[in-house]
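Hi,

Here is the structure I promised to pass on. Have a look at it first, and then read on for what turned up.

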Amino acid sequence: MTEIAPVHGPELVTYADELAALLVDTVNGGSSVGFLAPLERDEAAAWWRERAGAVDAGHLQVWIARDAERVTGTIGLVRAPLPNARHRAEVTKLMVRPSARGRGLGRSLLDAVERSAAEAGVTLLVLDTESGSPAERLYRSAGWTECGSIPEYAGDPAGVLKPTTLYYKPLGPARATPAR
């Protein structure tokens, strides 16, 4: 049985080594999540530990999926910091271990983020992913809308520049922010 739960800063530090293994597997397996291959586990663990402050400050939320043995997936949500953008957030770093793929875990992680964001009053989510990647099928099936592509936006794990597709998903009725 897989459990999905948000983690706080100290927990993120506790899980940093397991999350590092997931990140290394993801990057070295060819998925574009912001890192170049080969990614070393120590570098990946340090990156996760550095996120703990942002989690504690409320700028970043991280969820992990765990089975009885280890972390099998993760997803993040970055809140927009500016007053005119507090209604939106960005979904980041959706990763599922290769051995756990094809069982709906990515969709469950995405659902958890969407639910939490809606409960927090977020009315618009955005994300980007490598154009043509398997992730696009997941986002489309989950009701996300493609809104464009940017050529040569980011390097894949081998450093080859690839296009990125942008997606958005409204979560509820938009509310105007009162003028000051």
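Lys93 counts as partly exposed because its relative accessibility is 25%; with a 1.4 Å probe and protein chains only, buried means under 20% relative accessible area, exposed over 50%, and partly exposed in between. Lys93 is not a glycine, yet its phi is positive, about 50°, and it lies in strand E4. Glu152, in strand E6, is also not a glycine and has a positive phi of about 50°. At 56% relative accessibility, Glu152 counts as exposed.

Before going further, please note that this is a predicted model: local features need pLDDT of at least 70, side-chain atom pairs count only at pLDDT 80 or more, and totals for chains, interfaces and linings use all residues. Residues are numbered from 1 along each chain as its sequence is written, and side-chain values use heavy atoms, with hydrogens and water left out.

The protein chain has six helices and seven strands (DSSP runs numbered from the N terminus: helices are H or I with at least four residues, strands E with at least two). Their order from the N terminus is β-α-α-α-α-β-β-β-α-β-α-β-β. The radius of gyration is 16 Å, close to the 16 Å that the globule rule gives for 180 residues, so the chain is as compact as a globular protein of that length (taken over C-alpha atoms; the rule is 2.2 Å times the number of residues to the power 0.38). Buried residues make up 39% of the 180.

Now for the pocket. On a 1 Å grid over the protein atoms alone, a pocket is an open set of points where a 1.4 Å probe fits, with protein on both sides within 12 Å along at least five of seven lines, and lining residues have an atom within 4 Å of a point. Of its 37 lining residues, Leu94, Thr129, Ser133, Ala135 and Tyr139 are closest to the centre. E4, the strand that holds Lys93, gives the largest share of the lining, seven residues. Helix H5 (105–119) is among the elements that give two or more, and just after H5, Gly121 takes a positive phi of about 90°.

One last thing to check: a cis peptide bond joins Ala37 and Pro38, with omega about -5°. Pro38 sits in the loop between helix H2 (16–28) and helix H3 (41–50).

Best wishes
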